[in-house]
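Below, a protein chain is taken apart step by step. Look at the sequence and the structure first, then follow the paragraphs with both in view.

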Amino acid sequence: MSAVRRNRRVKVITVTGGKGGVGKSSVSLNLAAALCSLGKHVMLFDADLGLANIDVMLGLKVERNLGHVLRGECELADIIQTGPHGLRIVPASSGLKEMAQLSVDEHAGLIRAFSSLDEDIDFLIVDTAAGISDMVLSFARAAQDVLMVVCNEPTSVADAYAQMKVLQKDYGVQRFKIIANQVHSLEEGKQMFSKLLSVTTRFLDVTLELIACIPSDPNMRKAIKQRSCVYELYPQSPASIAFKALAVRALSWPVPEQAGGHLEFFVENLIRRPESGSSSSSMPLI
């Protein structure tokens, strides 16, 4: 059998952000753990290929990573780790410049490696690097849902806008789900979203949806120090409650009936060239 259980439709979600340090990996990890706790089979792909950190955040001992896979030293299935609540984790490399600058052939090799997986999963969550590198943009356009993590600070909002601008104008991505992270109140998150929305409405042809306001929670830092995720260590903390609500919401996101509802969509779209001007149906704003 090739590809990930082709008889099941896999929901592919890319978590990204225009700026580093906004908590993108924490969002990816805790959302994935929350989905697992709800009975879903989830795989988390650490797609920050040159500066991977999911394994570090969880204190996992990783002997082989994607670098070994691309060199032909092992199969992708050989490097997959198990995390909280049975989460399946694909670790990337850390501190290897060449991993952040893959050639076209290496990129295709990575996609072929995913095609050969034989894992029974419902969600594939892709935690990208920050910014607008070719790799980040490829993962974003290949997913069915793009989650943009933004903090309430001018540089984060500006960089999120810049990333969406490139994705919309060069790749035809028109729908973004916004996560207001590390906010001190729901109102703060909504105000930050309004600022972003006011700019994108004027200059971009995109639709934004505020899907979560993750509160600033000291338990997040405690969990990181303990090499775990807040959802596992402090399930009743404010952040964990928000992540569970986000996971429940993600369960309702439709999986398209066409090829876009399968992992093949992820596999095929990653190796296609950008196609500007593609359209997407609009979504209601909240």
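Which residues does V22 touch, not counting residues up to four places away in sequence? The model is a predicted one, and in it V22 touches V149, C151, S156, N181 and Q182. V22 lies in the loop between β1 (11-16) and α1 (24-37). Its relative accessibility is 2%, and because buried means under 20%, V22 counts as buried.

The unreviewed UniProt entry carries the annotation "binding site", which covers K19, G20, G21, V22, G23, K24, S25 and S26. From this set, K19, G20, G21, V22, G23, K24, S25 and S26 belong to the lining of the second largest pocket.

K24 is another residue of the annotated set, and its place is in helix α1. With a relative accessible area of 9%, K24 is buried. Leaving aside neighbours within four places in sequence, K24 is in contact with V15, T16, G17, D127, T128, A129, A130 and V149.

Now turn to the strands. An open sheet of 8 strands has the order β3-β4-β2-β5-β1-β6-β7-β8, and its pairing is mixed. β3 (81-82) and β8 (207-215) stand at the edges; each has a single partner strand, so one side of each is left without a neighbour in the sheet. Further in, β1 pairs with strand β6 (residues 145-151) in the parallel sense, over 4 bridges. V15 has L147 in β6 as its bridge partner.

How many of the 6 residues of β2 are buried? The count is 6 of the 6, so β2 is largely enclosed by the rest of the structure. In a regular strand, side chains alternate between the two faces of the sheet. In β2, V42, L44 and D46 point one way while M43, F45 and A47 point the other way, and all are buried. β2 and β5 pair in the parallel sense over 6 bridges, and the bridge partner of A47 in β5 is T128. β2 also runs parallel to strand β4 (residues 88-90), to which 3 bridges join it. There, L44 stands opposite I89 in β4.

α1 lies across β1, β2 (42-47), β5 (123-128), β6 and β7 (175-183), and runs at about 170 degrees to β5. Helix α10 (residues 238-251) lies across β5, β7 and β8, and its angle to β8 is about 150 degrees.

A loop residue gives a further example of burial. L76 has its place in the loop between α3 (66-70) and β3. Its relative accessible area is 1%, and L76 is therefore buried, as the cut-off is under 20%. Apart from neighbours within four places in sequence, L76 is in contact with L66, V69, V90, A113, F114 and L117. L76 and V90 are 14 residues apart in sequence, and their C-alpha atoms are 8.0 Å apart in space.

Finally, consider the chain as a whole. The protein chain has 11 helices and 8 strands. Of its 286 residues, 56% are buried. Among contacts with a separation of 6 or more, 80% are between residues 24 or more positions apart. The accessible surface comes to about 12700 Å², and 50% of this belongs to carbon and sulfur atoms.

Notes
Residues are numbered from 1 along each chain as its sequence is written. This is a predicted model: local features need pLDDT of at least 70, side-chain atom pairs count only at pLDDT 80 or more; totals for chains, interfaces and linings use all residues. Side-chain values use heavy atoms; hydrogens and water are left out. UniProt positions are given in the numbering used here, feature names are shortened, and annotations may be inferred rather than shown by experiment. On a 1 Å grid over the protein atoms alone, a cavity is a set of points where a 1.4 Å probe fits but cannot get out, and a pocket is an open set with protein on both sides within 12 Å along at least five of seven lines; lining residues have an atom within 4 Å of a point. Helices (H or I, at least four residues) and strands (E, at least two) are DSSP runs, numbered from the N terminus. Buried means under 20% relative accessible area, exposed over 50%, partly exposed in between (1.4 Å probe, protein chains only). Contact means heavy atoms within 4.5 Å. Two strands pair if DSSP finds at least two bridges between them. Axes are lines fitted to C-alpha atoms, for helices over the stretch in contact, and angles run from 0 to 180 degrees between N-to-C directions. Accessible areas come from the Shrake-Rupley method with a 1.4 Å probe; for residues, only the protein chains shown count as cover.
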